Number of protein chains: 2
Amino acid sequence: MAPAAENDGYSLNGAVDASTKVVVVGAGPSGLMLACNLVRFGIDVIILDDRPDKTSAGKADGIQPKTIETFKQMRLAESLLRNAARVYDISFWQSTPEVPLNRTGRQIHYPDHLVGASDPYILLAHQGMVEDLFLDDMSSRGAFVTRNSRFISCSRVAGTKMLHVTYEDTLSKTFKTIQTEYLVGCDGARSKVREFIPNAQLIGEMTNASWGVLDGVIDTDFPDLWSKVAVRSHVAGSILWIPRERNLTRLYVQLSETDGERVDRLKATPEYVMQRARDAMYPFQLEWKTIEWFGNYVVGQRVANHFMDSDARIFIAGDAGHCHSALAAQGANTSMHDSLNLAWKLNAVIRGISKSSLLATYEEERQKIAYDLINFDAEHCKAFAAGDAALAKNFDDNIRFISGVGAEYSEGMLNRNKHSIPNRLQPGALQLPAKVTRYIDANPVDIQLDIPMLGQFRMFFFAPDALAALPFLRFVCDGFYNGTLMGRITSQASQSYQKQPRREAPSDAFANHSRYTAVSDVFTLSLVTKSPKFQFEIADLPKLLQDSRWTLYLDDADTPHCTDKWFGTLQNTQTGIVIVRPDGYVGAINAWDLSASNEARRWVEEYFVFMV
Amino acid sequence: MAPAAENDGYSLNGAVDASTKVVVVGAGPSGLMLACNLVRFGIDVIILDDRPDKTSAGKADGIQPKTIETFKQMRLAESLLRNAARVYDISFWQSTPEVPLNRTGRQIHYPDHLVGASDPYILLAHQGMVEDLFLDDMSSRGAFVTRNSRFISCSRVAGTKMLHVTYEDTLSKTFKTIQTEYLVGCDGARSKVREFIPNAQLIGEMTNASWGVLDGVIDTDFPDLWSKVAVRSHVAGSILWIPRERNLTRLYVQLSETDGERVDRLKATPEYVMQRARDAMYPFQLEWKTIEWFGNYVVGQRVANHFMDSDARIFIAGDAGHCHSALAAQGANTSMHDSLNLAWKLNAVIRGISKSSLLATYEEERQKIAYDLINFDAEHCKAFAAGDAALAKNFDDNIRFISGVGAEYSEGMLNRNKHSIPNRLQPGALQLPAKVTRYIDANPVDIQLDIPMLGQFRMFFFAPDALAALPFLRFVCDGFYNGTLMGRITSQASQSYQKQPRREAPSDAFANHSRYTAVSDVFTLSLVTKSPKFQFEIADLPKLLQDSRWTLYLDDADTPHCTDKWFGTLQNTQTGIVIVRPDGYVGAINAWDLSASNEARRWVEEYFVFMV
Ligand SMILES: Cc1cc2nc3c(=O)[nH]c(=O)nc-3n(C[C@H](O)[C@H](O)[C@H](O)COP(=O)(O)OP(=O)(O)OC[C@H]3O[C@@H](n4cnc5c(N)ncnc54)[C@H](O)[C@@H]3O)c2cc1C
Ligand SMILES: Cc1cc2nc3c(=O)[nH]c(=O)nc-3n(C[C@H](O)[C@H](O)[C@H](O)COP(=O)(O)OP(=O)(O)OC[C@H]3O[C@@H](n4cnc5c(N)ncnc54)[C@H](O)[C@@H]3O)c2cc1C
């Protein structure tokens with residue numbers, strides 16, 4: 001079959017080779033994060049990638065604290081935590097015409113008081129190891145990437161909201177067509193899918209700054225080989241050292257400055273880059289025992305004008321939507337958070353649990369982050385060139401953002417009533433890590449990690465005095481029964497998940513997911529209390545919270561207490577509620593006097609009006 | 001081939017089907033711990049087991065804190081930590097003729113002030129999941145269990161120290177013979193290998209106490225389903241509740257008391273046990289949704305008279321050497337620590353790095369623990385029957401021992417100079433968990449876990465003031481060069497490991513073992529200092545400590561500091577040395593003034609005289 005005409009926009013309603021709910025183009029970090037989540041949620045998906053195989057070396061290598069948290073929430077982090085290198089500190093070196101290369105400073109990379117991440121380090125491993133997390137998980141659920149398959153075009157099926165996606169099987173050189181409801185382009189900076197979203201071109205500038213990137217095992221007498229190191233040499237530009245798995249080190253070697261002349265691509269050979277690195281590192285010895293990967297790139301900071309079409313049928317995510325330098329290890333991280341944001345929304349809309357207007361929040365939220373990113377990146381590149389003081393300040397100012405912990409969405413449908421109350425969770429921002437004790441089995445757990453990511457909203461009740469709050473809790477919980485809005489959402493979801501269940505892996509036998517879906521497929525309810533365990537039994541709670549016994553937490557595991565971290569102050573005469581979105585972002589937070597259960601229930605209902 | 005005559009003790013030097021260094025009989029917890037370690041060390045081993053397949057359900061299910069530490073040290077713990085249930089607390093229930101069943105208390109299972117384990121919980125999973133850790137690791141190194149193979153007999157090869165081991169291939173019903181240097185019986189309570197160690201019979205008493213054990217998914221309104229629970233009913237004896245993986249619960253149901261009448265085996269059906277449990281739990285509902293495993297056993301406390309023969313060629317380990325009740329979840333744990341103790345000793349002797357007198361310490365050390373265990377177990381069973389107060393006291397008195405953290409070896413060749421200095425590591429006991437910072441990459445690590453288990457001794461230098469200690473360190477390190485005793489040990493080892501390297505798995509590519517064998521295959525040197533990082537460079541240290549840069553630790557990660565936890569007090573004008581054995585037990589500890597490097601070096605050499 002020949003490719004459909006790209007430009008007329010409509011194809012005949014002809015024969016198709018396959019049909020699905022979502023086609024994901026690209027099996028890089030963003031495409032795999034999306035596909036893996038959709039597969040877990042139980043959504044039909046076809047993943048096309050033009051490469052014959054997964055990444056075997058090089059490319060993105062830095063996983064940031066927020067992404068580590070996400071991997072933990074997805075129960076995917078283990079092998080990476082075991083095998084990757086960890087960067088906890090950064091040291092600064094400099095040479096000037098007067099003073100030979102010397103260490104000018106050393107600092108903690110993610111200081112607790114600025115970042116507060118529970119994994120305050122960068123995890124370093126080649127991109128294929130990250131891709132493997134997803135590929136292995138998907139294959140344990142019977143889902144695989146269709147490789148050697150190049151996306152060619154997409155057209156609407158006349159009179160429907162369906163799309164026909166055409167791709168080329170590059171082995172057999174034949175063209176195939178998939179009928180699908182949604183198409184997501186995770187196909188990198190030169191995205192082809194982007195061309196099918198009207199007016200979505202990349203906006204922004206390319207610079208002349210170019211860098212060579214070399215992964216290898218290094219032999220050197222340079223003492224800071226196993227820290228992240230920023231070197232500024234007066235003779236040979238900047239170098240960034242990154243420790244890596246298997247004794248590897250990555251060097252980013254500056255080939256030309258932002259405003260300088262562009263370096264001829266042909267000149268940027270490994271040998272050239274190695275020699276430049278040796279020059280910069282003088283008087284230290286610098287040799288390579290092995291070289292595993294070499295790349296080079298020119299820095300540009302650009303963001304796509306649109307991340308989706310106006311019908312909310314075609315999307316782009318990841319590098320397809322934004323590009324920038326690699327220095328701060330942001331690209332793959334941001335790309336995965338793009339598609340994590342999209343995944344649960346697609347699930348909710350495809351299942352008919354949410355109105356499709358939910359999908360528009362994808363562009364609102366993620367384009368904002370993309371702009372934040374390139375603005376930061378432009379400053380970061382300049383600071384890198386300007387020297388240690390500037391770079392250190394740029395780090396301090398942006399370190400929360402770099403870690404991923406600081407990425408924040410604007411106020412909107414999903415992020416209600418941003419506030420200026422100090423020391424309180426902020427809608428549009430992440431949960432703050434906190435330790436609590438599970439009531440039922442006395443296990444200490446991290447509240448932000450304990451509940452598995454099943455596409456559900458979490459409704460945390462914070463009742464410092466559990467017994468005093470019982471009437472309040474009972475009244476608000478009654479708002480989740482049939483007949484109410486939340487009851488309708490739950491029963492719609494339950495029908496949908498019955499027809500099309502989540503896709504299980506053998507390992508799920510140990511994950512006990514039913515503990516979290518006992519009350520609803522859409523909501524996990526949770527009670528967090530400062531009352532001591534001996535003061536109440538599970539049987540004292542309203543029925544829905546009894547059924548949520550695995551998410552009943554005692555706030556006694558750590559100081560500051562979770563309640564205080566999340567609410568600042570919350571009186572014994574109050575109950576607080578936090579709505580956490582399926583992607584772990586805070587949706588809304590408020591507190592009421594125990595007499596105001598009516599208002600609280602209305603507040604909860606108002607949050608969920610965007611749903612069915 | 002017919003089985004060799006069992007009793008004449010010598011066989012003809014006839015044809016054999018295979019030859020190896022060590023034959024391990026039994027692929028239960030003790031046999032697999034042994035085999036897995038030997039395989040990793042690079043020692044040829046054949047593992048025979050009469051079962052057709054690995055354990056698929058039931059049997060031992062409680063992994064204690066010390067064993068969790070061991071699994072972490074072996075880098076095997078991950079899947080178990082993910083999939084097993086964790087018990088942190090225990091609650092006590094009781095009924096009397098006057099008062100119906102009620103909770104009489106609840107306590108933390110492994111209180112920090114009594115135990116101090118870094119994983120203060122029991123990990124619960126059926127025995128097959130533990131066996132899998134070893135089986136998977138072994139198979140990744142190309143080693144497998146020879147199944148359907150029943151050990152029959154063993155005889156000496158005349159005029160040599162070789163053994164001929166005969167086993168039956170139970171599928172083909174043929175007999176085969178293996179020539180081997182060592183035979184280890186990990187073949188359980190009814191050990192056949194034990195019969196080939198003169199005078200090694202089990203000594204001790206069987207009681208009449210019998211218990212039924214039932215694994216299943218329970219439906220109940222009993223509120224403490226997910227704690228460990230000790231129930232004493234006045235109508236139906238004792239019950240122990242154990243939460244398990246995959247929503248399972250194990251019940252140990254007492255069928256008769258220690259001094260009571262023995263229950264007929266035929267009577268002890270699952271139905272009988274379930275009804276007895278229901279009676280005991282009245283007025284709570286108790287039903288089973290599924291039953292996965294059922295077993296019953298009669299309690300006896302017995303220890304083998306010998307754990308090895310006088311030539312140190314035939315050994316037993318695990319249940320073959322000791323048996324007792326299952327209530328305190330000790331059997332599999334102790335069994336694995338038996339064979340962990342034996343593994344590195346066999347490695348050292350087989351490689352010619354150590355004199356064979358080392359092997360005698362196996363019996364000395366592990367038989368002592370076996371006696372400690374059955375003494376505790378007899379008390380524990382009595383306390384269980386005597387009621388909550390007695391049981392709580394028995395727990396408090398023995399909780400360190402139960403956790404495995406409290407198992408201690410007597411003074412001997414490997415455990416020198418037990419002392420009575422308070423707050424100081426004790427030879428024959430374990431390292432105390434402590435957090436330190438790796439100098440080279442600023443990673444916070446647990447000192448007791450950071451160095452992989454490669455069959456090496458660890459030599460920790462504690463120099464509160466690193467620069468002041470340099471001359472001392474230099475002098476003692478010089479004692480590790482060629483010509484010295486330690487130098488000879490190292491060069492012997494290096495020849496041996498060159499000929500017969502450790503057996504690597506693909507995953508070892510990420511483990512960077514060469515960082516720990518840089519100085520010697522037998523010794524990992526390590527420096528722990530309170531000096532701040534900026535005060536010295538790695539290049540300032542003696543050459544051997546430079547080469548040990550991955551085990552250079554800053555004692556700044558936690559309070560109390562590691563130095564203070566391990567030494568109590570150690571002045572800036574002193575250096576302390578801790579020798580840690582390959583199995584993680586402390587071998588010797590001492591401290592010297594910085595002027596006494598001569599004495600320190602002699603002290604180190606004296607420790608290692610048992611080696612080549
Ligand atoms: C040298 C270097 C170092 C970097 N280091 C880091 C780092 O440390 N941390 C970090 O976060 N980021 C880093 N990045 C950025 C990171 O690699 C990208 O941001 C990330 O890979 C983007 O992921 P993606 O899934 O959006 O796109 P890609 O990874 O580019 O994946 C796109 C996929 O789509 C496929 N594809 C493209 N077109 C088609 C088509 N028409 N049909 C079918 N398939 C198609 C491609 O083959 C590819 O598999 C680095 C980048 C470079 C170059
Ligand atoms: C109901 C129950 C619950 C328990 N719970 C716990 C617990 O929670 N925690 C705990 O630590 N312990 C527990 N135990 C004890 C634990 O099961 C044993 O201590 C442990 O299995 C001993 O390990 P082992 O390797 O020495 O022997 P085994 O596990 O008995 O393994 C011996 C192996 O040798 C094989 N074998 C035997 N004879 C031959 C032969 N002639 N030739 C070849 N192969 C042979 C057997 O088939 C078997 O595979 C429990 C025991 C029972 C019965």
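Author: Start with handedness. A crossing is left-handed if the near helix is turned anticlockwise from the far one by less than a right angle, and right-handed if clockwise. H7(A) passes H8(A) in a left-handed crossing. Two ground rules: this is a predicted model, where local features need pLDDT of at least 70, side-chain atom pairs count only at pLDDT 80 or more, and totals for chains, interfaces and linings use all residues. Residues are numbered from 1 along each chain as its sequence is written, chains are lettered from A and ligands numbered from 1 in the order in which they are written, and side-chain values use heavy atoms, with hydrogens and water left out.

Reader: Why are H7(A) and H8(A) called roughly antiparallel?

Author: Helix H7 (residues 360-386) of chain A and helix H8 (residues 388-403) of chain A pack at an angle of about 160 degrees. Angles run from 0 to 180 degrees between N-to-C directions, along axes fitted to C-alpha atoms over the stretch in contact. Under 35 degrees counts as roughly parallel, over 145 as roughly antiparallel, 65 to 115 as roughly perpendicular, the rest as oblique. H7(A) and H8(A) are therefore roughly antiparallel. Their axes are 9 Å apart.

Reader: What makes a residue part of the shell around ligand 1?

Author: One of its heavy atoms must lie within 4 Å of the ligand. For ligand 1, 33 residues surround it, and the closest are Asp49(A), Asp50(A), Arg51(A), Asp319(A) and Ala332(A). H6(A) gives the largest share, four residues. Helices (H or I, at least four residues) and strands (E, at least two) are DSSP runs, numbered from the N terminus.

Reader: How do you know which atom pairs at ligand 1 are polar contacts?

Author: The pair must be N or O atoms within 3.5 Å; within protein, one must be able to donate a hydrogen and the other to accept it, and residues adjacent in sequence count only if both atoms are side-chain atoms. A polar side-chain atom of Asp49(A) lies 2.6 Å from an oxygen atom of ligand 1. Asp50(A) also has a polar side-chain atom 2.6 Å from a ligand 1 oxygen. For the side chain of Arg51(A), the distance is 2.8 Å.

Reader: And in chain B, which residues come nearest to ligand 2?

Author: Asp49(B), Asp50(B), Arg51(B), Asp319(B) and Ala332(B), out of 32 around ligand 2. A polar side-chain atom of Ser30(B) lies 2.8 Å from a ligand 2 oxygen. H6(B) supplies the largest share of that shell, four residues.
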